[in-house]
Amino acid sequence: MSTVSEQTTEAAVSATPAPVSRKRVWFRRVMLVLLLGFAVAAIVTNRDGLAEALRETAPWAIPAAFVPGLLALGTSLGQWRSLLADVGSRLPWRPAARIFFLSQLGKYVPGSVWSILTQMELSQQHNVPKRSVLTVGVLSIAIAVTTGLTVAVVMLPFAMPDALARYWWVLLVLPVLVSLLVPAVLNRCLGLVLRLARRDPLPKPPSWRGLGTTASFQFTTWLLLGVHAWILLIGLGAPALSALPVAIGGYALAYSVGQMAIGLPAGAGVREAVLTLVMSTVVPAPAALLLALLSRALLTLVDLTMAGTQYVIGRRATAKAAEVAEQA
């Protein structure tokens with residue numbers, strides 16, 4: 001019975017975007033321009049600090065750190081797509097990439113909900129239920145924070161003997177998050193929330209297999225982001241061997257705490273504060289702050305690059321479809 005239900009649900013998801021009214025097209029264009037403005041502002045407002053960071057960092061480290069940051073965004077796409085498939089909406093890679101990469105600009109807008117709202121808007125063309133997109137957005141954050149704190153607990157003690165004493169609160173939060181992600185508990189909570197909101201149940205409840213696949217993607221993302229920070233640390237003069245566990249564990253901790261700071265755009269301020277504190281164990285505090293600023297700018301540039309690429313691809317596909325329609 002579950003197999004038939006799964007096939008029926010996935011068949012309802014359209015790989016080809018449905019036609020969109022002109023009014024909605026303009027709405028989306030305005031929305032993307034606003035998101036783009038906030039993302040660019042995130043770089044411009046820190047231009048003085050970034051200029052100093054660029055002067056202090058070895059030139060090779062900048063493009064080298066960009067690469068794992070780009071790969072990390074790709075694994076984040078895999079995480080989002082796999083979780084969406086697990087709740088009953090399997091999107092092909094191309095439309096999933098367009099929705100996900102464009103939506104990442106929303107995290108630079110204060111409020112912490114704009115990425116998810118953008119995903120909900122763009123997913124409508126592919127018949128993906130809004131409740132599924134919303135659920136996946138919230139679960140993605142929960143899984144990212146849970147796996148991020150796990151990575152921090154495992155990695156930081158290798159470089160910081162007092163790590164668990166300093167970040168003891170992680171040991172209290174982590175078991176609660178893990179227990180809430182157990183499918184039996186999670187699905188009861190989701191069912192209750194959807195009933196209270198007077199919404200239909202999810203096409204499929206999250207499963208052990210789906211959550212495990214999602215967590216695997218997220219662990220890979222943390223590793224790549226850690227390598228990104230590690231390269232910058234070396235570029236600032238840190239010893240390579242001792243800097244690696246600090247980079248991986250510290251970045252996972254900082255990013256996770258930033259995601260818990262609801263309302264701040266991409267954890268602005270909180271992520272940098274934690275990152276500076278942890279990274280100052282292998283480089284001087286001023287250099288650690290420069291790393292935090294440079295890392296945010298590079299990852300923002302990654303988001304802008306991928307969103308811009310998807311926008312251009314989408315415009316070309318639309319123009320080609322219009323040309324074919326005219327010839328027909």
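Modeller: Let us take S82, which counts as buried because its relative accessibility is 16%. Buried means under 20% relative accessible area, exposed means over 50%, and partly exposed lies in between, with a 1.4 Å probe and protein chains only. The areas come from the Shrake-Rupley method with a 1.4 Å probe, and for residues only the protein chains shown count as cover.

Biologist: On what kind of model do these values rest, and how are its residues numbered?

Modeller: This is a predicted model, in which local features need pLDDT of at least 70, side-chain atom pairs count only at pLDDT 80 or more, and totals for chains, interfaces and linings use all residues. Residues are numbered from 1 along each chain as its sequence is written, and side-chain values use heavy atoms, with hydrogens and water left out.

Biologist: Where does S82 lie, and with which residues is S82 in contact?

Modeller: Helix α4, residues 61–86, holds S82. A helix here is a DSSP run of H or I with at least four residues, a strand is a run of E with at least two, and both are numbered from the N terminus. Contact means heavy atoms within 4.5 Å. Apart from neighbours within four places in sequence, S82 is in contact with T213, T214 and F217.

Biologist: How many helices and strands are there in the protein chain?

Modeller: The protein chain has 14 helices and zero strands. Buried residues make up 49% of its 328 residues. Among contacts with a separation of 6 or more, 77% join residues 24 or more positions apart. The accessible surface of the chain is about 16100 Å², and carbon and sulfur atoms account for 69% of that surface.

Biologist: How should I read the nonpolar interior?

Modeller: In soluble globular proteins, nonpolar side chains tend to be buried together. A nonpolar core is a set of buried Ala, Val, Leu, Ile, Met, Phe, Trp, Tyr and Cys residues joined through side-chain atoms within 4.5 Å. In this model the largest such core has 83 residues, and W80, L156, L233, L253, V278 and M279 have the most contacts inside it. Helix α14, residues 285–327, gives the largest share of this core, with twelve residues. Setting aside neighbours within four places in sequence, M279 is in contact with A229, L233, V246, A247, G250, Y251, A288 and L291.

Biologist: Is V283 buried or exposed, and where is its place?

Modeller: V283 counts as buried because its relative accessibility is 4%. Its place is in the loop between α13 (270–279) and α14. V283 and A238 are 45 residues apart along the chain, yet 5.7 Å separates their C-alpha atoms. Beyond neighbours within four places in sequence, V283 is in contact with L233, L236, A238 and A288.

Biologist: How is a backbone angle such as phi to be read?

Modeller: Most residues other than glycine have a negative phi, and most peptide bonds are trans. N127 is not a glycine, yet has a positive phi of about 60°. The loop between α6 and α7 is the place of N127, and N127 counts as partly exposed because its relative accessibility is 46%. R198, also a residue other than glycine, has a positive phi near 55°. R198 sits in the loop between α10 and α11 (208–235) and is exposed, with a relative accessible area of 77%.

Biologist: What space lies in the second largest pocket, and which residues are closest to its centre?

Modeller: The second largest pocket holds about 530 Å³ of space. It is lined by 22 residues, of which L134, T135, V138, L139 and L190 are the closest to its centre. The largest share of the lining, ten residues, comes from α7.

Notes. On a 1 Å grid over the protein atoms alone, a cavity is a set of points where a 1.4 Å probe fits but cannot get out, and a pocket is an open set with protein on both sides within 12 Å along at least five of seven lines; lining residues have an atom within 4 Å of a point. Grid points are joined across faces, edges and corners, and a volume is the space filled by probe spheres set on the points.
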